[in-house]
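Please look through this note with the model open beside you, and check each point as you read.

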Amino acid sequence: MAWDEWEQIKAGVADRGATDMQINHVPVEPGTTASAVTGGLKSSKKAWLTAGERVGSLRKSVGTALTELEDGQAGLGSGGGCLSAVAQAELYASWKRYTENVSKRCASLQVS
């Protein structure tokens, strides 16, 4: 989500004067808003940008792992009656799906 879009969402919520949300361990005094609560929730653009950059490096590592999985699987064929080869092929397919999904999720969170 772009930072400007996030700012618009926060402004929209502030305009509505929403006070229904509360963090469990922070008591809300009657008549206060969420932003007025001592120790209220704060956000840092720098922290979010840093996290987005690190997600990008995680995506690269996941891509490397997927390549290594593919290399390790090369030449094994379909298993041809060998139960351990069949089991390995099934495990490989499962991990390939998993790493591809992690990579896609990282891409959606990565800051460009």
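1. Basis of the note. This is a predicted model, in which local features need pLDDT of at least 70 and side-chain atom pairs count only at pLDDT 80 or more, while totals for chains, interfaces and linings use all residues. Residues are numbered from 1 along each chain as its sequence is written, and side-chain values use heavy atoms, with hydrogens and water left out.

2. The chain overall. The chain holds 3 helices and 0 strands, and its elements, read from the N terminus, follow the order α-α-α. Helices here are DSSP runs of H or I with at least four residues, strands are runs of E with at least two, and both are numbered from the N terminus. Of the 112 residues in the chain, 12% are buried, where buried means under 20% relative accessible area, exposed means over 50%, and partly exposed lies in between (1.4 Å probe, protein chains only).

3. The pair H2 and H3. Helix H2 covers residues 45-73 and helix H3 covers residues 83-109, and their axes come within 9 Å and cross at roughly 160°. Each axis is a line fitted to C-alpha atoms over the stretch in contact, and the angle, which can run from 0 to 180 degrees, is taken between N-to-C directions. H2 and H3 are therefore roughly antiparallel to each other, a label for angles over 145 degrees, whereas angles under 35 count as roughly parallel, 65 to 115 as roughly perpendicular and the rest as oblique. The crossing of H2 past H3 is left-handed, meaning that the near helix is turned anticlockwise from the far one by less than a right angle.

4. Gly52 lies in helix H2 and is buried, with a relative accessible area of 4%. Its C-alpha atom is 4.6 Å from that of Gln110, although Gly52 and Gln110 are 58 residues apart along the chain. Gly72 is another residue of helix H2, partly exposed with a relative accessible area of 48%, and its C-alpha atom is 9.4 Å from that of Tyr92, 20 residues apart along the chain.

5. The salt bridge. How many salt bridges does a search of the whole structure find? It finds 1, the term being used for a side-chain nitrogen of Lys or Arg within 4 Å of a carboxyl oxygen of Asp or Glu. The side chains of Lys96 and Glu100 form a salt bridge, at 3.9 Å from N to O. Lys96 and Glu100 are both in helix H3, 4 residues apart, which is about one turn of the helix. Lys96 is partly exposed, with a relative accessible area of 28%, and Glu100 is likewise partly exposed, at 30%.
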